[in-house]
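The following note is meant for a colleague who meets this structure for the first time. Please read the points in order, with the model in view.

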Amino acid sequence: MIGATIVAVKFGSGPSVLFSFLSVITFNFFFVEPLYTFEVANKSYWLTFLVMFVTSLFIANQSAMLIAQAS
């Protein structure tokens, strides 16, 4: 979430969407069984991915809007 905020502040909303997507994919690849694949053994992780993505998008969007208003 911090990374998405930093990207949103420095580069805007568009790159933060890409960063949010890549962070969910990275989480899947490195931390979800089976490791080092994009497969998901436990289907409950799909909800986790969705919540991570939506939360990251929300925070990044709010940060980008705040910076735009401050300028």
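1. Helix 1 and its buried side. Ala4, Val7 and Ala8 are buried in helix 1, where buried means under 20% relative accessible area, exposed over 50%, and partly exposed in between (1.4 Å probe, protein chains only). These residues cover an arc of only 100° around the axis, which places them on the same side of helix 1; the arc is that of the directions from the helix axis to the C-beta atoms. Ile2 and Lys10, on the other side of helix 1, are exposed. The cover over the buried residues of helix 1 includes helix 2 and helix 3. After helix 1 comes Gly12, with a positive phi near 105°.

2. Basis of the description. The model is predicted: local features need pLDDT of at least 70, side-chain atom pairs count only at pLDDT 80 or more, and totals for chains, interfaces and linings use all residues. Residues are numbered from 1 along each chain as its sequence is written, and side-chain values use heavy atoms, with hydrogens and water left out.

3. Overall architecture. The chain has three helices and zero strands, and its elements run α-α-α from the N terminus on. Helices (H or I, at least four residues) and strands (E, at least two) are DSSP runs, numbered from the N terminus. The C-alpha trace spans about 45 × 20 × 15 Å along its principal axes. Of the 71 residues of the chain, 21% count as buried.

4. Ala4 in its surroundings. Ala4 lies in helix 1 (residues 2–11) and counts as buried because its relative accessibility is 1%. Leaving aside residues up to four places away in sequence, Ala4 touches Ser16, Phe19, Ser20, Ser56 and Ala60; contact means heavy atoms within 4.5 Å. Ala4 and Thr55 are 51 residues apart in sequence, while their C-alpha atoms are 9.9 Å apart in space.

5. Helix 2. This helix (residues 13–31) has 19 residues and reaches 27 Å from its first C-alpha to its last, close to the 27 Å expected at 1.5 Å a residue. The expected span is 1.5 Å times one less than the number of residues. Ser16, Ser20, Val24 and Asn28 are buried in helix 2. Seen down the axis, the buried residues of helix 2 fall within an arc of 120°, so they line one face of the helix. They pack against helix 1 and helix 3 (45–70).

6. Helix 3. The end C-alpha atoms of helix 3 are 37 Å apart, which agrees with the 38 Å that its 26 residues should span at 1.5 Å a residue. Phe49, Ser56, Ala60, Ser63 and Ala64 are buried in this helix, and their cover includes helix 1 and helix 2. Ser56 counts as buried because its relative accessibility is 3%; not counting residues up to four places away in sequence, Ser56 touches Met1, Ala4 and Ser20.

7. Among the contacts in the chain with a separation of 6 or more, 47% are between residues 24 or more positions apart.

8. The loop residue Leu35. Is Leu35 in a helix or in a loop? Leu35 is in the loop between helix 2 and helix 3, and is partly exposed, with a relative accessible area of 35%.
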